[in-house]
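Subject: Structure for your attention

Dear colleague,

Please find the structure below, handed over for your study. My notes on what was found in it follow.

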Amino acid sequence: MPKRSLVGVLTLLLCIPVFSWAQSKTVTGKITDASNGTPVPGASVTAKGSTVGTSSKADGSFSLTIPAATATLTISGVGFESQDVPVKADVIIVALRASASNLNEVVVIGYGTQRRRDVTGAITKISAEKITSIAAPSFEAALQGKAPGVQVIQGSGLAGSGSVIRIRGIASIGAGADPLYVVDGIPIISDPFLRSNNGGMNQNPLAAINPNDIESIEILKDAAAAGIYGSRGSNGVILITTKRGKSGKPSYNYNNKIGISTYANRPDFVSGPEWLQLRQEAWENDGNTGKAPLPGGLTWEQASKNNTDWWDQLTRNGFINEHSLSMTQGNKLVKSFIGATYSENQSYLKNNSYTRLGLRTNFDFTITPKFKANISAAYNRGINKRVPAAWAGGLGDAMSTALPIYPVYNDDKTWFTGGANPVRRLNETIWRNTDNLIIGGLVLDYEVIKNLNIRVNGSYNYQNGIDDQWESGNWINDTQKPGLAKRSPYRGKNWVASGTATYNWNYKDDHRFTFLAGIEFQEKSFINRVYVEKNSDKPFYKNRSLYEHALDSIKQTATPLNGPAYNAETFASAFGRINYVYKERYALQASVRRDGSSKFGPDKKYGVFPTISAGWTISQEDFLKPLTFINFLKLRASYGLTGNSNIASGQYYDTYYAGNPYNTQPTLYPGNVGNPDLHWEETANMDLALEFAAFNNRITGEVAYYHKKTTDLLLNTAISPSTSFGTSYRNVDGSEILNQGIELSLNVKVVNKKDLTFSIGGNIAKNYNELISLGGLSADAAGGGSNDTRVVTGYPIGTNYLVRYYGVDPNDGLPIWYDKSGKLTKTFSLDNRMPVGSVVPDFIGGINHSLSYKGFDFTSLWTFTIGGNIYDGSAKRQDGIVTDWVIRRDLLDRWQKPGDQAKFPRLTMNTGTYNGLSSEWQYNSTMFLYDASYLRLRELSLGYRFDPKLLTRLHVKGARVFVTGMNLLTFTKYPGGDPEIARDFENPTDRNLSPNITYLTPPQQKSWVIGLNVTF
């Protein structure tokens, strides 16, 4: 090419940018969240019709050079609706509204994250606002009614009470059926039996976790989602992700709730005069004359003067006081979140409260562009000022043996001691449990090459529990002593280490692969510290020097201060997962995990748990595009195996303990009969679901079907008496449990305008549960603790096993029963017990609404249970033989004279009146079996969010005030008080079989709180 021509071409090329620049312009702006005015970082800004684009910065600002002819910008962000904004000025302010479908929302999965649209498993995500919306005793209680197929039964109204959570049914009998809880990748200690059921309540190990630290909760329900956790995934997994730092200048958030609490429902008992009248009636019905003898050493004259309302004596309006403060900030090198909390939740029971103190720090470091580190540390302290309940006394006494004819004080102002007096105990004893919980972890992430990351995670979970009790000299009937202080501590340690390699590979534009491979090791153990008891005028937590002196005295006796480790276990695992997405249309996932557990013998130690799943986004297909009202339609399916090893350690080998010396020589005695053939329970899990969004995402939802079969059930069954032991764990050959059901969730945006939105939604689920086979074992092979539930082939887990009640003979007032063949009889016999009723409801769900107008918001949540039964173990004493128990008002519907049509038979003080009944405790019949259906207004909230423009001069970014009620209304046919109950449990079998059994269980708490949330 001639030199002159070359110069000309170069000159032309150099002029092109100048020409192009002359045809361009720069637009700047800011993107905010329409709901609260906060900046939206990372939002996409593109010139419509071109590929020119940028992303918003941490403060929501952006700057983009666009062709001069560009008339419209398209603004979009993860979790927000896309907007087309006309370019009418050089500065543009955009407020994005939350998307109804959130298809690009990031959800947490095991060992990673995924876009919602790529997920092939059953995962329900619950946001932080929904977790902290009510003053629940613990974060898991706030999940009720918010996730389809997840049954949440809050234990009771006691402060710090735990919940029974079942994800898609009950899949075990003798092993634990609670889900696995994972906090920031750490499987944490969550055993509800660490303190057994001492005091009529299972202590909640999750209560110390601060709900205000939680960013989101993901519930993994099927094999595709939970299978990566292998042997611990059969009961589902609850992933808890805590809040982390965000880019930008320091931002502070303060949240406060103040309110009052009382009981949601209560049983109705007769008064003192009525109780005397009914006792006299029973006495005369038995053929006696004169006045009936009274318990407590009282005369009729004394008893007639009393009408004590023990319920009123033991309850109050509790005070709720919660405060949390957090700070988040970040730059290119480090992002941080620091949060602190203080809360005191007094229950409606006098002297009962739960105080939580917490501190969390999360730091994310970008050491180099390829090397990142995350440090998380949390300390939570839970102080539970306890009172006895249920069978242990307290309010349980008010519902049983604290009679209305008993006085609180004698005439000389001393305590009445002739019968139950729970007020005396309340004033003469102190009981406090303290739990110190530490969860910490270090994560190192290094990008070895492009798209290949190696991630190493080391974490530690420590739990220290202290049980302090103090009894006055008056209570122990020794006024020469100042009192008695008692302490019994325990410690739990949980180490987890894991390493993963993740490789993302995009082949051309249509194929996306993610490969994950990892290993994990976990070690967990518990230790009981020595029990200490000393004379003292105050508990040990107020007299630490006395406690230390007592420990020194024990050391001098050569007694070890720490007992041997128990429930120690180790896990060693290897796992892998492959995800593939084709053209944003088809998604495939396959995973496998190999677990090794120290709970099983050498030949049964390892288990392999594979899963496979697929998703088809049908709305991406050309044949569906003419149906423009369909915005999103996705079919997904999964199948896989998960396991369950949730039994106590040390069952596969023989154990021996030190006995008393014999002839001055040490001795050992056996503790159990080992079973080296113990192995995992295994669940085959199939899931099929359809997700949809229509009419501009105004209608969204999901319908799912699942089918789960659990085999090789772990059961603590009877063994030969020749072994000198009653029971031993084994896998029951041929055993099988079926859970199958349908879930539906639906949300409809009825009104969706700028200043006015109204939506209504909800979920409903039906689970069919059946014990297919128990390998030929009888119905009494697995008793539900002290409850009247059993496992019977062909029936649900937790079937009531009772004598069927027909009614009352109107001629003589005696009860009529069914025998096994269905014939009527007047002879009561436990041999006529039959499987009736079920603790498993037919349907569970929740209905919610959300209404917002400008700054106001009004929301509600109704939860419901349809079908199933409640067995009231205390009613057989309250509504049965007239003894030294209180009497419920529904017993007034009793037979009194020939011809009466009544619910209850003639009153009697003699069990022999009812032929065949040997004891009032054996009165196990359907007379006390009730419909468990109920509808409850779980949440009701009214709030106002201030206009950010008005707050600017105060340097406040956002503020909201609100008032919220919990458990405000309950509609039920159950006459015994609260229909939502989960009594204390003795062991996992009891917990699996008897969630809907009540025995003097304190009803749920009802509360009103006012609150303030400020961001500055």
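This is a predicted model: local features need pLDDT of at least 70, side-chain atom pairs count only at pLDDT 80 or more; totals for chains, interfaces and linings use all residues.

**Charges over rings**

K291 lies over the face of W300, with 4.4 Å to the ring centre. A charge is said to sit over a ring if NZ of Lys or CZ of Arg is within 6 Å of the ring centre and within 35 degrees of the ring normal.

Residues are numbered from 1 along each chain as its sequence is written, and side-chain values use heavy atoms, with hydrogens and water left out.

**Aromatic pairs**

Rings of Phe, Tyr and Trp (its six-membered ring) pair if their centres lie within 6.5 Å; planes under 30 degrees apart count as stacked, over 60 as edge-to-face and the rest as tilted. By this rule there are 39 aromatic pairs. One of them joins Y263 and Y348, which are edge-to-face, 5.7 Å centre to centre and with 80 degrees between the planes. This pair links distant parts of the chain, 85 residues apart: Y263 is in strand β17 (residues 248-263), and Y348 is in the loop between β19 (334-346) and β20 (353-366). Helices (H or I, at least four residues) and strands (E, at least two) are DSSP runs, numbered from the N terminus.

Are these two residues buried or exposed? Buried means under 20% relative accessible area, exposed over 50%, and partly exposed in between (1.4 Å probe, protein chains only). Y348 has 0% relative accessibility and therefore counts as buried, whereas Y263, at 24%, is partly exposed.

The rings of W505 and Y507 have their centres 5.8 Å apart and their planes at 50 degrees, so this pair is tilted. W505 is partly exposed, with a relative accessible area of 36%, and Y507 is partly exposed at 39%. Both belong to a cluster that ring pairs build from Y503, W505, Y507, F513, F515 and Y580.

**Cavities**

Rolling a probe the size of a water molecule over the atoms shows where empty space is left. On a 1 Å grid over the protein atoms alone, a cavity is a set of points where a 1.4 Å probe fits but cannot get out, and lining residues have an atom within 4 Å of a point. Grid points are joined across faces, edges and corners, and a volume is the space filled by probe spheres set on the points.

By this rule there are 16 cavities of 30 Å³ or more. The largest cavity has a volume of about 310 Å³. It is lined by 28 residues, and G162, S163, P192, N202 and R991 are the closest to its centre. Its lining has 12 nonpolar, 11 polar and five charged residues. Here Ala, Val, Leu, Ile, Met, Phe, Trp, Tyr, Cys and Pro count as nonpolar, Asp, Glu, Lys and Arg as charged, and the others, Gly among them, as polar.

The second largest cavity has a volume of about 200 Å³. Of its 22 lining residues, Q151, V152, I844, T865 and Y934 lie nearest its centre. At least two lining residues come from each of β11, β45 (843-853) and β46 (856-866), and β11 supplies the largest share, four residues. By class, this lining divides into 10 nonpolar, 10 polar and two charged residues.

Where is S156 found? It is in the loop between β11 (150-154) and β12 (163-167). S156 counts as buried, at 6% relative accessibility. Contact means heavy atoms within 4.5 Å. Leaving aside neighbours within four places in sequence, S156 is in contact with S161, T1001, P1002, P1003 and Q1004. S156 and T1001 are 845 residues apart in sequence, yet 6.7 Å apart in space, C-alpha to C-alpha.

**Positive phi**

Most residues other than glycine have a negative phi. F695 has a positive phi, near 55 degrees. F695 is in the loop between β33 (681-694) and β34 (699-711) and is partly exposed at 46% relative accessibility. N967, also not a glycine, has a positive phi of about 55 degrees. N967 is in strand β50 (residues 958-972) and is buried, with a relative accessible area of 0%.

Yours sincerely

Note on methods:
On a 1 Å grid over the protein atoms alone, a cavity is a set of points where a 1.4 Å probe fits but cannot get out, and a pocket is an open set with protein on both sides within 12 Å along at least five of seven lines; lining residues have an atom within 4 Å of a point.
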